[in-house]
Amino acid sequence: MSEKLIFEMGRPGRANGYFPNGRMADEFVPQAALRDTLPLPDNSELDVVRHFTRLSQKTFAIDTGFYPLGSCTMKYNPRINEAMAAQPGFKDLHPFAPDHLAQGALQVMYELERALSSIFGMAAFSLNPAAGAHAELTALLIAKAYFEKKGEGKQRTTVIVPDTAHGTNPASAAMVGYKVLSLKSDDRGRVSLDAIKAVVGADTAVCMMTNPNTLGLFEDQIDAIAAAVHAAGGLMYYDGANANALMGNARPGDMGFDLMHLNLHKTFSIPHGGGGAGHGPVGVAAPLVPFLPVPVVTRDAGGAYHLQHDGEDAIGTMRSFWSNFAHAVRALTYIYANGGDGLTRVSKLAVLNANYVRALVKEFLPTPYDEACRHEFVASAADLKRETGVKALDIAKALLDRGYHAPTIYFPLLVPECLMIEPTETESKETLDGFVAALREIVETARENPQAILDAPVTTIVGRIDETRAARQPDLRWVPDRESLV
Amino acid sequence: MYSPHTDSDIEAMLAVIGSPSLEDLVRVPDAVALRGPLEVPPGLPEIELGAKIAGYAKRNAAVGYTSFLGAGAYRHYCPPVVMSLAMRGEFLTAYTPYQAEVSQGYLQAIYEWQTYVCLLTGLDIANASVYDGATALAEGAIMAVNATGRRAVLVSSAVHPNYRAVLRTYARGLDLDVEELPVDANGATDFSNLEARLADKRFAAVIVQSPNFFGCINTPGEAARAAVRSTGTVSIGVVAEAMSLGVLATPASWGAQIAVGEAQSFGNPLAYGGPYVGFIAATKDHMRRIPGRLVGRSLDNRGNEAFTLTLQAREQHIRREKATSNICTNQAHCALVATIYLAAVGETGLRRAAVLNLERTNALAERVCAIDGYSRAFSTPVFNEVVIRVPAALGAGRVLAELERRSILGGVALDRWYPDLGDCILMNATELTTPEDIDVLCAALRDIVSVATESPAVHV
């Protein structure tokens with residue numbers, strides 16, 4: 001059942017009584033500077049409520065079901081976080097409020113920064129970047145500024161990115177003008193020390209890695225890899241998308257990483273909100289601290305907090321205002337709810353859940369790299385596809401029919417027909433058992449009656465969507481007259 | 001916290017895995033193992049946690065002050081219905097709608113957002129949002145660079161200083177030149193020299209903001225637009241206060257091929273600077289260069305209309321280093337808030353709210369300028385901000401400090417970005433600014449002048 005667009009509803013003049021009817025705009029502004037028409041629909045508040053309530057009901061979310069989307073860490077979003085962020089003292093605070101009248105907010109930022117630095121073994125963090133990819137860009141700008149200061153700016157032109165890396169890594173490198181050198185994983189699904197030694201050199205700027213990697217495997221040669229990159233004068237970057245696997249159990253700083261980012265909307269329970277807003281703090285080792293973006297929050301001897309907007313070597317600023325502050329409140333609330341020991345337990349249970357699902361799934365779907373995983377693992381439908389024609393995509397769609405969100409599929413690229421499963425620590429054994437049973441039933445059905453899976457999904461409000469048509473005949477907005485579309 | 005595992009669950013699960021302990025599962029090589037405890041205090045039960053965090057919120061005294069702060073972040077009325085809908089768990093806890101069949105609701109909401117941005121800016125297409133106004137500008141500039149192959153951009157000095165700062169940060173990464181267009185005596189961008197500066201076709205884009213940072217409604221005239229067009233330069237229009245689009249001419253109508261800006265004003269709280277919601281709109285010839293997510297309408301295999309993420313060949317997860325941008329996460333939920341806000345207020349409400357901004361700001365300017373020693377720095381018509389010149393003997397810093405002693409945040413001093421405007425304060429009024437607020441401000445300003453006159457060395 002389709003829901004009308006908001007633009008196809010309502011009647012002109014069906015106004016809600018939010019604002020008084022004031023004077024005329026042309027009393028203040030010359031007519032030529034005013035718009036001719038404002039073609040927005042007028043809807044009653046009740047119709048608006050029903051419209052968006054129905055849209056919400058057509059949206060899968062953590063709150064509606066299990067969401068094992070690999071590398072996205074779809075854990076429960078505690079509601080205390082929302083209540084804390086919504087307090088007037090935070091919500092109504094203007095970014096240009098004087099520091100001495102915003103001490104509580106600055107203290108939140110300061111304490112979050114200190115906690116993250118301790119948890120991940122970095123000298124300092126900046127809360128400036130808005131999301132993970134934004135943080136990668138920030139970190140690479142820091143690296144670039146650092147090498148320029150050392151007089152090696154022209155020489156260091158290459159960023160090394162393993163083939164298991166998130167797509168944002170090479171895309172961020174390109175935005176800083178770096179050449180991307182893609183590194184093949186070895187047959188253990190890891191970056192090998194030999195491969196690193198073969199490519200590092202005087203042109204190496206940064207080696208970007210995530211650990212555990214996107215196969216869910218711990219890079220067990222990481223200290224030697226870091227030493228090799230450092231010996232060549234390069235920097236090590238830690239993509240924190242998978243930080244939920246090691247929070248409180250191991251620290252990127254101890255592994256030799258010089259730069260890193262976190263996705264607070266993954267590891268620290270901030271809601272994803274349908275694709276943002278996120279929050280992507282950047283952490284650095286001591287030599288890189290002067291290059292962090294401004295402003296930074298400082299604490300003076302008297303215990304007062306300040307926003308420091310100047311920094312001689314700072315790369316500049318990355319956004320309109322200081323940070324995605326409301327998310328800093330949520331993340332700090334989560335950290336203080338758990339405490340240090342609680343955070344350690346979070347990652348242990350995340351790893352437990354992933355290994356539990358993996359142990360059950362490998363009975364009926366191959367899991368390449370036969371060893372214990374960390375917070376996520378990959379399974380492959382390649383054999384199933386050869387035998388039955390049922391692909392990873394079809395399994396994903398069949399899971400939707402059974403009330404589960406699909407895993408990440410076709411990523412990482414080096415595993416054919418890949419299903420990347422990350423259960424997170426907030427799911428119960430019963431939920432995991434139910435998911436595994438559904439997956440098992442799908443694989444069994446694929447062998448008996450593949451068409452039943454190839455037809456999936458059938459219970460959803462729409463079927464599979466014609467992506468080619470969407471791209472070839474782009475319809476990206478409503479227009480009053482559909483024929484006028486390009 | 002938040003994990004449902006009982007001890008017996010953990011035992012049973014470890015048995016299935018065949019692992020002796022949780023510690024065994026997370027073990028890392030000794031060389032990189034964690035040494036010592038984390039410097040994080042012990043966890044708190046929720047009843048204590050709430051009280052602790054509430055304590056921080058209470059130490060932000062600024063929220064109790066009468067405020068005239070604007071400068072890119074605005075206090076507006078948000079009907080309670082907006083957050084009541086946006087905070088539904090289905091919206092709040094969804095991820096990027098990769099699985100379209102179970103995300104039709106959110107996809108439709110984004111499609112509606114894209115449409116609202118197009119209707120407000122007058123342009124053909126819009127994306128699903130970017131981080132904020134400043135990053136929208138930087139991404140817009142990169143679109144122009146990619147469209148023209150030119151490596152420099154020309155930005156008006158009347159564009160928000162933080163936006164220009166972000167543009168320069170991004171430009172450093174890509175080795176782009178950023179040059180500025182000066183501001184004239186009326187607080188407007190000086191276009192008089194534009195034709196000559198564009199003549200060598202060095203600039204990918206000319207970037208102009210209206211209302212500009214001084215609140216002035218300031219769009220390029222016909223000559224400037226002709227110079228931009230004839231040199232193949234991309235015209236980028238910045239709107240840092242989306243509320244202005246409720247009454248002001250669209251960026252498309254003043255020649256913008258790309259419009260970028262900030263839509264925080266549509267229902268999103270101030271929240272000490274974020275998260276906010278940047279938008280990018282463009283003419284359709286820029287469709288394949290626009291960064292970030294795009295939602296399109298297509299058909300499903302049952303012949304029904306259905307929404308999906310589309311044109312993903314532009315994006316990082318497909319193109320990696322050849323993507324149009326590295327953006328992945330955007331500001332979907334903030335854009336949803338804005339969409340619900342616009343749906344609720346509609347044409348009638350948005351127009352009324354915008355007119356109230358004009359009305360209150362003009363009243364503010366009139367009342368303040370009636371006080372001896374205070375005047376408008378620029379005569380150009382404004383939307384909801386105005387630059388007030390204070391008595392030179394006092395200076396902006398002292399006036400603001402004196403206002404603060406009277407529980408008033410009088411605005412933003414401009415000297416940190418514009419040394420020539422040392423006696424100037426940028427003051428904002430919105431539909432939430434009451435006549436009583438203006439009374440209080442004016443009484444204080446009069447008081448400050450008289451105190452200063454009597455005792456020039458008054459302590460601030």
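This is a predicted model: local features need pLDDT of at least 70, side-chain atom pairs count only at pLDDT 80 or more; totals for chains, interfaces and linings use all residues.
Two strands count as paired if DSSP finds at least two bridges between them.

Next, display strand 1 of chain A together with strand 7 (residues 282-284) of chain A. The two run antiparallel and are joined by 3 bridges. Within this pair, Phe125(A) stands opposite Gly283(A) of strand 7 of chain A. In general, strands of a sheet pair through backbone hydrogen bonds, either parallel or antiparallel.

**A helix pair in chain A**

Proceed to helix 5 (residues 132-149) and helix 6 (residues 168-175) of chain A, whose axes are 9 Å apart and which pack at an angle of about 45 degrees. The two helices are therefore oblique to each other. Helix 5 of chain A passes helix 6 of chain A in a right-handed crossing. To show the contact, select Gly132(A), Ala133(A), Glu136(A), Leu137(A) and Leu140(A) on helix 5 of chain A, with Thr168(A), Asn169(A), Ser172(A), Ala173(A) and Met175(A) on helix 6 of chain A. By class, this contact has 5 nonpolar, 4 polar and 1 charged residues.

**A helix pair in chain B**

Move to chain B and select helix 6 (residues 104-121) and helix 12 (residues 332-369), whose axes come within 9 Å and cross at roughly 65 degrees. That angle makes helix 6 of chain B roughly perpendicular to helix 12 of chain B. The crossing of helix 6 past helix 12 of chain B is left-handed. Helix 6 of chain B contributes Ala109(B), Ile110(B), Glu112(B), Trp113(B) and Tyr116(B) to the contact, while residues on helix 12 of chain B include Ala335(B), Leu336(B) and Leu342(B). The contact of these helices has 9 nonpolar, 1 polar and 1 charged residues.

**Between the chains**

Show both chains. The contact takes 173 residues from chain A and 165 residues from chain B. On the side of chain A that touches chain B, helix 11 (residues 325-361) of chain A gives the most, with 23 residues. That side of chain A has 92 nonpolar, 53 polar and 28 charged residues.

**Domains and backbone details**

Colour chain A by its domain assignment: domain 1 (6-57), domain 2 (80-337) and domain 3 (345-469). The C-alpha centres of domain 1 and domain 3 of chain A lie 45 Å apart.

Most residues other than glycine have a negative phi, and most peptide bonds are trans.

- Val294(A) and Pro295(A) are joined by a cis peptide bond, with omega about 0 degrees; Pro295(A) is in the loop between strand 7 and strand 8 (296-299) of chain A.
- From Ser210(B) to Pro211(B) the peptide bond is cis, with omega near -10 degrees; Pro211(B) lies in the loop between strand 5 (203-209) and helix 10 (222-230) of chain B.
- Glu417(A), although not a glycine, has a positive phi of about 50 degrees; Glu417(A) lies in the loop between strand 11 (408-409) and strand 12 (418-421) of chain A.

Note on methods
Residues are numbered from 1 along each chain as its sequence is written. Chains are lettered from A and ligands numbered from 1 in the order in which they are written. Axes are lines fitted to C-alpha atoms, for helices over the stretch in contact, and angles run from 0 to 180 degrees between N-to-C directions. Helices (H or I, at least four residues) and strands (E, at least two) are DSSP runs, numbered from the N terminus. Angles under 35 degrees count as roughly parallel, over 145 as roughly antiparallel, 65 to 115 as roughly perpendicular and the rest as oblique. A crossing is left-handed if the near helix is turned anticlockwise from the far one by less than a right angle, and right-handed if clockwise. Two residues are in contact if their C-beta atoms, placed from the backbone, lie within 7 Å. Ala, Val, Leu, Ile, Met, Phe, Trp, Tyr, Cys and Pro count as nonpolar, Asp, Glu, Lys and Arg as charged, and the others, Gly among them, as polar. Domain bounds come from an automatic or database domain assignment.
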